[in-house]
Amino acid sequence: MRLTATEFLTIDGVMQSPGAPEEDPRDGFDLGGWLPPYFNEETGQYMNEVFDQAGAFLLGRLTYEAMAAFWPSVDEPGNRVASQLNSLTKYVVTSTLTDLAWAGAVPVSGDMAAKVAELRRAPGKELQIHGSGALVRSLMRQDLIDAYRLVIFPVVLGRGQRLFADAVPPTGMRLTGTRSTGRGVVMHTYEAAGRPSFGTVLPEPAAS
């Protein structure tokens, strides 16, 4: 399975508490709920297409807890996101949770690089990460993420937890798809392309 990360971000890269003010107030973050004013049918259709590609999910503990508090109760016929989340296996990276009530949730711990590498070797559709910033950064350091879907909302916050925080490894990306909505949301898909190359825009010094 290909390992993909789908992330909701502000223009300045903040990923914290997109859906509601109380979703993730860690470190005194008081700007939660920045996503709903810009989320429309076009964005929803894009997310349906993303979830249609899922074969299983890999979630950090906080993301799992937030999803498990909402999605198991969504049983609307035709809700493609709920259908995938409630029916597919959810691998939850945790060293503290052992009794996961959400059907199909499996706790994983220990050597995550080895376990994720094993999951990637399994046949099937995508192994999808949603949110789970600390997990994404950890797996970036192991070069295990194949592709990134960055859903960027037209707002700048100036503070909050960022996806690509300090200490992530320098990583080149290759753009493979982009689209936008009438409300200014832009969706970019990038394939991981190894370490970036570097150069200069300065002219070559004149020969003496």
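**Stop 1**

Select Asp24 and Arg26: their side chains meet in a salt bridge, with N and O 2.8 Å apart. The term salt bridge here means a side-chain nitrogen of Lys or Arg within 4 Å of a carboxyl oxygen of Asp or Glu. Side chains of opposite charge can pair when their charged atoms come close. Asp24 counts as buried at 14% relative accessibility, while Arg26, at 37%, counts as partly exposed. (Buried is under 20% relative accessible area, exposed is over 50%, and partly exposed is in between, using a 1.4 Å probe and protein chains only.)

Before you click on, two notes on what you're looking at. This is a predicted model, where local features need pLDDT of at least 70 and side-chain atom pairs count only at pLDDT 80 or more, while totals for chains, interfaces and linings use all residues. Residues are numbered from 1 along each chain as its sequence is written, and side-chain values use heavy atoms, with hydrogens and water left out.

Next, select Arg179 and Glu49. They form a salt bridge whose closest N and O atoms are 2.8 Å apart. Arg179 lies in strand E7 (residues 173-180) and Glu49 in helix H1, so this pair ties together parts that are 130 residues apart in sequence. Arg179 is partly exposed at 36%, and Glu49 is partly exposed at 30%.

Now try Arg195 with Asp143, a salt bridge with its closest N and O atoms 3.3 Å apart. Arg195 sits in the segment after strand E8 (186-192) and Asp143 in the loop between helix H5 (133-140) and E6, so the pair links parts 52 residues apart in sequence. Arg195 is partly exposed at 46%, and Asp143 is partly exposed at 48%. While you have Asp143 selected, check its backbone: phi is near 55°, a positive value in a residue other than glycine. How many salt bridges are there by this rule? The count comes to 10.

**Stop 2: the nonpolar cores**

Select Phe57, Tyr64, Trp71, Leu85, Trp102 and Phe153. These have the most contacts inside the largest nonpolar core, which has 29 residues. (A nonpolar core is a set of buried Ala, Val, Leu, Ile, Met, Phe, Trp, Tyr and Cys residues joined through side-chain atoms within 4.5 Å.) Colour helix H1 (41-52), strand E2 (54-60), helix H2 (61-68), helix H3 (80-87) and strand E6 (147-153) to see the elements that give two or more residues to this core. H1 supplies the largest share, 4 residues.

Zoom in on Trp102. Leaving out residues up to four places away in sequence, Trp102 touches Tyr64, Met67, Ala68, Trp71, Pro72, Leu85, Asn86 and Lys90; a contact means heavy atoms within 4.5 Å. Then hop to Leu9, Leu127, Met140 and Val168, which are included in a second, separate core of 25 residues.

**Stop 3**

Select H5. Is this helix mostly covered or mostly uncovered? H5 is mostly covered, with 6 of its 8 residues buried: Gly133, Leu135, Val136, Arg137, Leu139 and Met140.

Now pick Ser132, in the loop between strand E5 (126-130) and H5. Ser132 is buried, at 7% relative accessible area, and its phi is near 55°, a positive value in a residue other than glycine.

**Stop 4: the largest pocket**

Select Pro18, Glu23, Thr63, Ala66 and Gly131. Of the 42 residues lining the largest pocket, these lie nearest its centre. (On a 1 Å grid over the protein atoms alone, a pocket is an open set of points where a 1.4 Å probe fits, with protein on both sides within 12 Å along at least five of seven lines; lining residues have an atom within 4 Å of a point.)

Strand E1 (3-10), H1, H2 and H5 each supply at least two residues of the lining, with the largest share, 5 residues, coming from H2.

**Last stop: Thr181**

Finish at Thr181, in the loop between E7 and E8. Thr181 is buried at 9%, and touches Asn40, Glu42, Thr43 and Met187, not counting residues up to four places away in sequence.
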